[in-house]
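Please look through the sequence and the model shown below before reading on.

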Amino acid sequence: MKDEKKQSKLDAVVVGAGFSGLYMLLKLREAGLKTRLYEAGEGIGGTWYWNRYPGARCDVPSLQYSYAFDEDLQQEWNWPERYSAQGDILNYIQHVADRFDLMKDIQLSTRVKAAIYDDIDKKWLIDTEKEKVESRFCIMATGCLSSANLPTYTGLNDFKGRTFHTGNWPKTKVDFSGKIVGVIGTGSSAIQSIPEIAKEAGHLYVFQRTPNFSVPAENKIVDEALEKKIKANYEEFRKEWATKPFAYDLKVNEGKATSASKEELLVEYEKRWKDGGLMFLGAFSDLLLDKAANDTAANFIRGKIEKIVTDPKVAQMLMPDHFVGCKRLCADSGYYDTFNRDNVTLLDISSNSIDTFSEKGIYLSSGKHVMLEDVVLATGFDAMTGALDKINIVGKDKISLKEKWKEGPVSYLGLGISGFPNLFHVAGPGSPSVLTNMLVSIQQHVEWITDCISWMDKKGFSKIEASREAEVGWVTHVNEVADLTVYPLCNSWYLGANIPGKPRQFMPYVGGFPPYVEKCNDVANKDYEGFHLS
Ligand code: N01
């Protein structure tokens, strides 16, 4: 049958309309490339479009979690809160798209199904649901946490109540008033949504497999004096924040927990707990590097849980026994306190696991049936590689990316992949991405990619491809650095450990944002060392 799809020829295709894709579109357009962005969703915003669950908000301060590329934009925008709620971030993203007239080059509701490289004509053949496109470059801005992890419980489809995943939440408000609700999972999404759902629900059951460390977010309205101070010198502040390991103003104490006295530990942890947010991770310079140092932080948080939660058995169940930060530290608003409510019950599914769903709830392996009207799957994502796995990406040697990455993702700087010429990945595995302020990492990648393409055009190159040696060397380095920290010591999505059968490999680069930028700049200054150009 004749393929009736529209055919287009472009210089660049961008996949995904989150913060990465939108800025990528803007920069490539400015560089003179005929560019089009394809987005599966009905709207733009990526993470902030899909994650509309109650309580969803950012854990990086809003004045830093925003684009830095336009002085007028950063001056005119006013953030209402210290940590922005999902809706406010989505409004900002829409404002940016309107202000820079991006929508005209964005095609919504169009999933990219395949991208196949044609090595003879040096172009990507991209197949979307509606259109076939030929393009010199293909830029994957598909997000690190965009492919939902949906558990495959027996009987889930038979459940007659409503089922939601936090990462694919309905656009209209979900009313839990008086309902018997079950939340499965206790990661960041659960920890933000549980206190909100508990306020509405008739009864809330929390199904916990692994407890998580959380610190109070201490969200509040934006401090006007601070906003004024930052806006008076935004560029300088941004420059300074980019010199920090996490690419934002997370102040790391130079002192070590292992050489601090009990009193010093307590003073520092209390101060950080009171200030709120992920600043807690900077309490001591060895917190993420040394097990004994980390234990001091873990004990402090466990002590807080013991004080906040009135039922000692529940408090005990909520106490994690892993290292602080090796699963992403959560920032909450009243999470532990929620377990003091009469309408909230914590169920430990590590010892008494979910057996099957029934039409009216969940059977645990003990035989106990928990009656439910609504189920919220706060079960996270197939992180960093999941979104790419859904697209049939085939490189120059007819090998798919899924096949190439079957033992774990291998790429050069998280930007380019050997065997996949002219394909770039924004904030891919092997880059600092999820361990930093994403907005800063995204902008650095987008600008690096744009500079690279402009340089190629100037020099008359039509093809760029990471060398096998460069990507192997880089991934070895990424793993070596991770092994110096506590990060690989628990079962996190950073390692792919949350997805059955996914190879265990530490995916983000933990060496810090500044050294990573230095490496990227060095590669560019040496005429893209580690890449083959032709
Ligand atoms: O996902 P998660 P998330 N049966 O993977 C459990 C960012 N984020 O959506 O730990 C039962 O962290 C799983 O249990 P276990 C942030 O980077 C940021 O919460 O695997 N349980 C875990 O408890 C974050 O880290 C914010 O044993 C199952 C939970 O589900 C990342 O997104 C807010 C299960 C999943 O936790 C992901 O967070 C929200 C199963 N089959 C998200 N499968 C901010 O604050 C999984 N679980 C900015």
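At a relative accessibility of 46%, Thr258 counts as partly exposed, a class that lies between buried (under 20% relative accessible area) and exposed (over 50%), computed with a 1.4 Å probe and with protein chains only. This is a predicted model, in which local features need pLDDT of at least 70 and side-chain atom pairs count only at pLDDT 80 or more, while totals for chains, interfaces and linings use all residues. Residues are numbered from 1 along each chain as its sequence is written, and side-chain values use heavy atoms, with hydrogens and water left out.

Thr258 belongs to the loop between helix H7 (234–241) and helix H8 (262–275), where helices (H or I, at least four residues) and strands (E, at least two) are DSSP runs numbered from the N terminus. When residues up to four places away in sequence are not counted, Thr258 touches Asp286, Asp290, Ala292 and Ala293, a contact being heavy atoms within 4.5 Å. Asp72, by contrast, is 186 residues from Thr258 along the chain, and the C-alpha atoms of the two are separated by 46 Å.

Ser147 is found in the loop between S6 and strand S7 (162–165), and with a relative accessible area of 5% Ser147 is buried. Its side chain makes a polar contact of 3.2 Å with that of Lys390, and the contacts of Ser147 outside four places in sequence include Gly380, Phe381 and Asp382.

The backbone deserves a look as well. Most residues other than glycine have a negative phi. Ser109, however, has a positive phi of about 50° although it is not a glycine, and this residue sits in the loop between strand S3 (106–107) and strand S4 (112–118). Ala427 likewise has a positive phi, near 60°, and lies in the loop between strand S18 (423–425) and helix H14 (438–459); at 5% relative accessibility, Ala427 counts as buried.

Taken together, the protein chain has 16 helices and 20 strands. Its radius of gyration, taken over C-alpha atoms, is 23 Å, close to the 24 Å that the globule rule (2.2 Å times the number of residues to the power 0.38) gives for 534 residues, so the chain is as compact as a globular protein of that length. Buried residues make up 59% of the 534 residues, and among contacts between residues at least 6 apart in sequence, 72% join residues at least 24 apart.

Notes: A polar contact is a pair of N or O atoms within 3.5 Å; within protein, one must be able to donate a hydrogen and the other to accept it, and residues adjacent in sequence count only if both atoms are side-chain atoms.
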